[in-house]
Number of protein chains: 6
Amino acid sequence: MSKVAAFGEVMMRLQVPGYETLEKSSRLDYSFSGSGVNVAAALARYGHTGYIITTLPDTPVGDAALAYLRKLGIDTAYVNRGGKQLGMYFLENGFGVRPGRVTYSDRRGSSFNTSPLKSYEAAAIASHIEVLHLCGITLAMNDNVRLQMKQLATEVKGAGGKVVFDCNYRPSLWGDDGYAKARPHYEDLLELADIAMMNEKDAECILGIRVGEYDRITQLKQAIPEVARRFRLQTVAGTHREINGDNTHSLTGYIYTGETFRFSRKLTFSVHDRIGAGDAFASAVIHGELKGDVSQHTVDRAAAAAMLAHTVAGDTALFTEAEVSRVLTDHIGDVER
Amino acid sequence: MSKVAAFGEVMMRLQVPGYETLEKSSRLDYSFSGSGVNVAAALARYGHTGYIITTLPDTPVGDAALAYLRKLGIDTAYVNRGGKQLGMYFLENGFGVRPGRVTYSDRRGSSFNTSPLKSYEAAAIASHIEVLHLCGITLAMNDNVRLQMKQLATEVKGAGGKVVFDCNYRPSLWGDDGYAKARPHYEDLLELADIAMMNEKDAECILGIRVGEYDRITQLKQAIPEVARRFRLQTVAGTHREINGDNTHSLTGYIYTGETFRFSRKLTFSVHDRIGAGDAFASAVIHGELKGDVSQHTVDRAAAAAMLAHTVAGDTALFTEAEVSRVLTDHIGDVER
Amino acid sequence: MSKVAAFGEVMMRLQVPGYETLEKSSRLDYSFSGSGVNVAAALARYGHTGYIITTLPDTPVGDAALAYLRKLGIDTAYVNRGGKQLGMYFLENGFGVRPGRVTYSDRRGSSFNTSPLKSYEAAAIASHIEVLHLCGITLAMNDNVRLQMKQLATEVKGAGGKVVFDCNYRPSLWGDDGYAKARPHYEDLLELADIAMMNEKDAECILGIRVGEYDRITQLKQAIPEVARRFRLQTVAGTHREINGDNTHSLTGYIYTGETFRFSRKLTFSVHDRIGAGDAFASAVIHGELKGDVSQHTVDRAAAAAMLAHTVAGDTALFTEAEVSRVLTDHIGDVER
Amino acid sequence: MSKVAAFGEVMMRLQVPGYETLEKSSRLDYSFSGSGVNVAAALARYGHTGYIITTLPDTPVGDAALAYLRKLGIDTAYVNRGGKQLGMYFLENGFGVRPGRVTYSDRRGSSFNTSPLKSYEAAAIASHIEVLHLCGITLAMNDNVRLQMKQLATEVKGAGGKVVFDCNYRPSLWGDDGYAKARPHYEDLLELADIAMMNEKDAECILGIRVGEYDRITQLKQAIPEVARRFRLQTVAGTHREINGDNTHSLTGYIYTGETFRFSRKLTFSVHDRIGAGDAFASAVIHGELKGDVSQHTVDRAAAAAMLAHTVAGDTALFTEAEVSRVLTDHIGDVER
Amino acid sequence: MSKVAAFGEVMMRLQVPGYETLEKSSRLDYSFSGSGVNVAAALARYGHTGYIITTLPDTPVGDAALAYLRKLGIDTAYVNRGGKQLGMYFLENGFGVRPGRVTYSDRRGSSFNTSPLKSYEAAAIASHIEVLHLCGITLAMNDNVRLQMKQLATEVKGAGGKVVFDCNYRPSLWGDDGYAKARPHYEDLLELADIAMMNEKDAECILGIRVGEYDRITQLKQAIPEVARRFRLQTVAGTHREINGDNTHSLTGYIYTGETFRFSRKLTFSVHDRIGAGDAFASAVIHGELKGDVSQHTVDRAAAAAMLAHTVAGDTALFTEAEVSRVLTDHIGDVER
Amino acid sequence: MSKVAAFGEVMMRLQVPGYETLEKSSRLDYSFSGSGVNVAAALARYGHTGYIITTLPDTPVGDAALAYLRKLGIDTAYVNRGGKQLGMYFLENGFGVRPGRVTYSDRRGSSFNTSPLKSYEAAAIASHIEVLHLCGITLAMNDNVRLQMKQLATEVKGAGGKVVFDCNYRPSLWGDDGYAKARPHYEDLLELADIAMMNEKDAECILGIRVGEYDRITQLKQAIPEVARRFRLQTVAGTHREINGDNTHSLTGYIYTGETFRFSRKLTFSVHDRIGAGDAFASAVIHGELKGDVSQHTVDRAAAAAMLAHTVAGDTALFTEAEVSRVLTDHIGDVER
């Protein structure tokens, strides 16, 4: 198996239990997550060594985060300690027609976002790992962090490793004229990437690729090959999500590799916790690529992994390949006993 | 914005968590509610000043109720303290085909139901508020409470305010021959009311208005104008509820004002907690009338408010006008982040 | 072993967890107890058959109470069902210098307190049991209940059984001039009793026996023999409690039988839950008398049982004779593994 | 009403709350159950006296199990104490497409499975009870337990009682070549049985009866009369279950008695806790047979009881006959208040 | 009674339940507090109108804080909304020799600390209230907040009101050379104050007053009159705390007014939650001054209030004057029932 | 820092929360521990690499155990997976005079105790680690496990590493004539050990060394040098514990090395969770030896570590060297903020 490292911030998730609101409740459940955390943990569960490259505060909150990462099976050798702040967010579950709500604390002053430019030993890390995962959320943080991303990606490519970039554009993080601000940075990262996670909306909005007034699949088939060509990407993958009226979501995954598209079948399922599903999809794509699986298998398993991620509380979904595969082939099963 | 006071009992709600029964569990979650509480709190959330006119016991339980009312945003200036008892009810949630159960403690001896006739300074209150909300549950209590209701309503009308009366007939509270016993009191209250919450079944059973063997809408269109005419009501409003087999309910609201009916579209939705939805509807009708909204807007928002009330635990639904409006216009949304 | 029945009300105990107050918390733990419950359960644990003679409401709350009694090991053959109300009380734990608080709901309308005079088949019960336990709390309820007590006691005596009466005078239940009101009823019950639980204060205040300005032990030694003589009591027993500043209590038990006093040594111990300790003492006295133990053993074990009752949450202490005996003889022990 | 005893193991159920996994959570809810427990408790709730014949360890865990059985309303007169081990299983709830998981601790060394052959006073029990319930799970344990089953069944038959045998074949308990190993024991038990719970798959796999390539109902109609004939069974009953994609199950019950089949209508319902539904069905069949109900009523109520068992947490469903009947006839109801 | 307003930040308190650590637990209890919150709530409980002058974020977290303030009985008329951040701190309880730990999130970017200089209508507030409470923690924040403090104090003095300043020096908030940085600001505030909360250490370290190598009482008697003289203070008050080895603390309060010292007796007590005791002391001093109590009564009650604040979880102690007085005079009591 | 591996079983700890009993409660908190787990985790917290050599079942329970070990900071490279059973124990906390209770499930069939003789690659492990920790609890299991212990110890000694043996004799695990059965195995292990944890009672009972009728310190000073001599031990260390009446324990540590005794001062402290304190002492001794600290420092820190282990829930105490040292030197501190 391989050594995969994800670079990104660890956040504290503070969730109101059940369907209560912050105003009515007095209790929170906490855990620690982040796009990089989710990917490193999922790949560790698939049998790889999953690292997170990050900085945690030197406080009891940082200690708790570190222990949680270990519990997830992440190798914490590349976790720095320093500073005093950890990004946090509050989560209130929605119910039916009432949407859930996420309230962020200020991440700008977090240990991760204020760590010195040369905090991470990029060359040493690059010589040790085979895959680096980066994400558009991190890219939105600040110039310093963006430089750290590019430095790591450059070193990894130089050492013969692969770079995965998940576009993951969050409008609220880029502010007004966000797409214009973001484009040059996204272009830089896509230049460094071998595998990109994105769909036709990212291509259109961030990269300015024309997709026309067509249905989404046609748009996808126009835009993604152009992106792959322009940035010499080995693989591009992503999902289309529909939110249905009956507490279910539908998800279709695609993968574009070797100039060919493969689509998963459309999966429809009940949703327990929506957060982290994109990372589950990305992790299964990376795993498929690392295994050299045929792309139809990879996209099927990635869609199934994303679906399963909706059935567990918390951002980080931990399923073995066998568990993911079984959900693809099985009928809905009775309790296992 | 306006000053609105609701007169009614505060009850302690003792709920078994999750889907357990009193026999199996050993834990309860408690809160405080009541029709008046729900209306005063909802109107406070819409931006009005919401008072509750009531009496709470002079015990730690009463202290807890008072703090809870404040938390809901209710102005407690008209809350008296005295006596030792608070009405209570136990709630066991149903699941699927298993119905929920409510078990009441004896309310007859509660501080509210035994407060002396002249407990409340009706004239002073009437000179200060613009709307008084009364409810059929309170009307079922005893002669003393009924006199307090009529006294308050008379004073408010005399001072130029409006009286809202929610018929809310509960068979178990009136006993045998309940409709016959209740009718004169309902007639007295409707005489004093400007706005009434009711539907064709109330008109038929309580007031004895013939509705014929027609469908419910036709019955409604026959009965409600007659009621409005007889009691010189400015506005009558109410809902039709259907309980579906798949854990969803459907709700259609109507409003009759200016000799015209307006209906909301029929809303179908998953149910988390059924209690208090009628008060959410009534509150939004009062708010619409106070704002002078067109009646179609008012009934649409009232139905949406009732629908949202089914998505939160507890009797008292707290949504701003913006939140109610959004659920009317939006597609079902993803988590807000 | 013997058949022992206790007559009395079952109450629902609603306790705020930890050291929170009703005003700050939103959760309660509930259980069911009462003096009779505690005695019947403790005697069942000692190996006797312990009955409770009572009436529970015909509601889900009554079902829950019944299941709880069974769990305690009580034989529920003499439990009637009827009415709709169960007595309740709220308990807020104190901490250090902050005293705990008990808030009662209205017990007057409870199923037990409103059950018809001839609810219980006194003669049939009397022919089946060997000991009847009665308590001063029940005596304070109303005339109907007092008649039921006396009827049961008379039948049991007639059938050759023994009657135990625990004076347990609660000032708040008798109101103004309580002692004067209570005295004739206490005298009636003591006339019927074979064993009484009381101390010199009960003798002085309720029965009007002069105890002089002496220390408590001297007062006890004057008053109790007089009481025993006057009412032809086989055994009188009770405790002296001291509440110390450091979260500990001290307890000394006495027993007077065969015209002789025996005292336990003074036990000092940390307190987790103070309620129900008197019933634990009474139960161990009854058990000792039924076994025909020497009175020094009985009073020692009764004091130890009362002490252990302070170490468990809930009103009802469940310890075997072996567990009680061990705490008497053992050094304070390490964890048992 | 009748006296019914079930023979079988009591197990401790250790359930992760909500939809968490053992790996993520740190809390468990525990209760005690088993096929015999479920049947004895359900019959007690229908008004019979329900005994469990079993052995519990002589430890605090055994004490807790015993108290729990009493709470369920089971008569524990035939519960032996001895040994140190209780069978346990962990339960993780599934959600949507993610299946639930059951992990057993080793039952082989449990107090029940290692109790000496002559532990139970079979003749005395047989002279006291009218019905004995046995189950295929118990039959899978070991030779000693199988002998105890047969001895009890023989004594009960000899004393004029009825024997109910629920086939309940669990492949994981019998291992390789399980059907071949199991067949002689199943045949022995069916020879002793008056009522059997089974369906066409049991007939085919365990007893080797040919059912052909037909639909399940046709297979059932071929196999069950043959089984009834061969083993001279008074009644055979069972269910067909379908697991649907939308978190609902469908259930159809059948009963074959007097050479006639009766089927319940197919019930479809949301599922809260799947475990114990078969025992709820069996209990209602036994109750119907004991009452002498017409078989259509019996199978309808049995299917409704099984359906209700899916709506409560825990293995043991406690519903009165009235509650079961109401769910059959009622429209889905609003909260009862 | 009076109108008292406290100016200061509201913080979210995130507490690990029981004696667990952030690293081992996964749950938090949250509430909202701050020095101003504690003082406003305590004075409201004494019967005054207690305002908090602050800014809360315009987020669900801010909504929750606002509801919590209302529950505490605080008048929220002077609460502004704006910004997105609320200060937070994590609390891990200590046990015995293991100290508790507080971990702060970054408060610098909070809505309160970044609110524009003219956020509060100082003149309007000053014309309405009688007392303004300020605190040294707020003074440590930034220049903008310090200007807001001085502006409010100046307006209140100008309008004839009183200013209370609690020195409450926190070394970690001022950093290196903290005393030197803090001194001019403390001097400004003391110039504006009528009542100051401080002790001899504050006088020495912050103001540079020589106290010599004497015992603390002698130092106090030297320093405080000099401070009072220099800043023309009507009253100065404070406490001496000792932390004992057996989980108890000892507290002695003093008050200096009319050139006379009064001391409470030294109170020793078990500690449940140490935070907020200083604010309880200050609130009782303010209440005593507003009532015009004799200073011995005031200091006795303030020390008792501080002691009681150690017996409840949460920063904010809510006791009536009667409850505080009773703990002064009573023996340690049994449970109140 | 060093590489230390502990060999031993991982057990699941199932604890009733608070001070409830298994009979009254329905909830458990679970974690995973064992002597080896405690030592490996404590040494990891001191900065070493801490391995556990063990076998976990290949079930969801085993997955949960593995994640928990990682959370503790243990390196799980030497954890095998296989079998289906994990040892478990139930823990009921005592309160005051009521002792706590531990109830074990059957460990004999656990994955660890049934793992094949050659499960662990002893030579490879020995070549990698510097210290091996073994414990008398493991020694009591079975011959196979004893052979595994001796094989590992032999290999480690052969590879130049050190062996630590903690005598930790548990009478209940050895049964009748336990000391006689245990002696040859203890002698074998002590022959292989460099460092032993024991006291004079172990020397007397297990090894048969005469200690005379003296006080414990004199006995210790006679027995331990003889043991050290006979088995050529570099270091012997241990504790004397006293259990006081007021919920406190007292602990004195000793170390014997270089033919010299050093004693810690006697520490007296409140106890929150007694389990795992001996392992905390042993870990600190190992750490001191690995650092080459002077033995007085080592024994002082070891006693302090043991004391701190009593202040946290759970068997495994996680304190840094700095935290341990501070509790030795500091006065009891206020909350750290």
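Colleague: In which sense do strand E3 of chain A and E3(E) pair?

Modeller: They pair in the antiparallel sense, with 3 bridges between E3 of chain A (residues 27–33) and E3(E). Two strands pair if DSSP finds at least two bridges between them. Strands (E, at least two residues) and helices (H or I, at least four) are DSSP runs, numbered from the N terminus. This is a predicted model, so local features need pLDDT of at least 70 and side-chain atom pairs count only at pLDDT 80 or more, while totals for chains, interfaces and linings use all residues. Residues are numbered from 1 along each chain as its sequence is written, and chains are lettered from A and ligands numbered from 1 in the order in which they are written.

Colleague: Thanks! Which residue is the bridge partner of A:Leu28 in E3(E)?

Modeller: That one is E:Leu28.

Colleague: What is the strand order of the open sheet with E3(A) and E3(E) in it?

Modeller: The order is E7(A)-E6(A)-E2(A)-E3(A)-E3(E)-E2(E)-E6(E)-E7(E), 8 strands with mixed pairing. Its edge strands are E7 (101–104) of chain A and E7 of chain E, each pairing on one side only. On average, neighbouring strands are turned by 30° against each other, direction ignored. For angles, axes are lines fitted to C-alpha atoms, for helices over the stretch in contact, and values run from 0 to 180 degrees between N-to-C directions.

Colleague: How do E2 and E6 of chain A run, parallel or antiparallel?

Modeller: Parallel: 5 bridges join E2 (residues 11–15) to E6 (residues 87–92) in chain A. A:Gln15, for instance, has A:Leu91 in E6(A) as its bridge partner. There is also a helix here: H2(E) packs on the sheet, where it touches E6 and E7 of chain A as well as E2 (11–15) and E3 of chain E, and its direction makes about 65° with that of E3(E).

Colleague: How many residues of chain E are in contact with chain A?

Modeller: 23 residues of chain E are in contact with 23 residues of chain A. On the chain E side, E3 (27–33), H2 (60–71), E6 (87–92) and E7 (101–104) each supply at least two residues. By class, that side has 8 nonpolar, 8 polar and 7 charged residues. A contact means that the C-beta atoms, placed from the backbone, lie within 7 Å. As for the classes, Ala, Val, Leu, Ile, Met, Phe, Trp, Tyr, Cys and Pro count as nonpolar, Asp, Glu, Lys and Arg as charged, and the others, Gly among them, as polar.

Colleague: Changing topic: how many helices and strands does chain A have?

Modeller: Its secondary structure comes to 12 helices and 14 strands. The C-alpha atoms of chain A fill a box of roughly 50 × 50 × 45 Å, taken along the principal axes.

Colleague: At what angle do H1(A) and H10(A) pack?

Modeller: At about 45°, with the axes of H1 (residues 35–45) and H10 (residues 277–291) of chain A 9 Å apart. That makes H1(A) oblique to H10(A). Angles under 35 degrees count as roughly parallel, over 145 as roughly antiparallel, 65 to 115 as roughly perpendicular and the rest as oblique.

Colleague: Which residues meet there?

Modeller: A:Ser35, A:Asn38, A:Val39, A:Ala42 and A:Leu43 of H1(A) meet A:Asp279, A:Ala280, A:Ala282, A:Ser283, A:Ile286 and A:His287 of H10(A). They divide into 6 nonpolar, 4 polar and 1 charged.

Colleague: What about the angle between H10(A) and H11(A)?

Modeller: H10(A) packs with H11 (residues 295–309) of chain A at about 150°, and their axes are 8 Å apart. That makes H10(A) roughly antiparallel to H11(A). By class, their contact has 10 nonpolar, 4 polar and 2 charged residues.

Notes: Contact = placed C-beta atoms within 7 Å.
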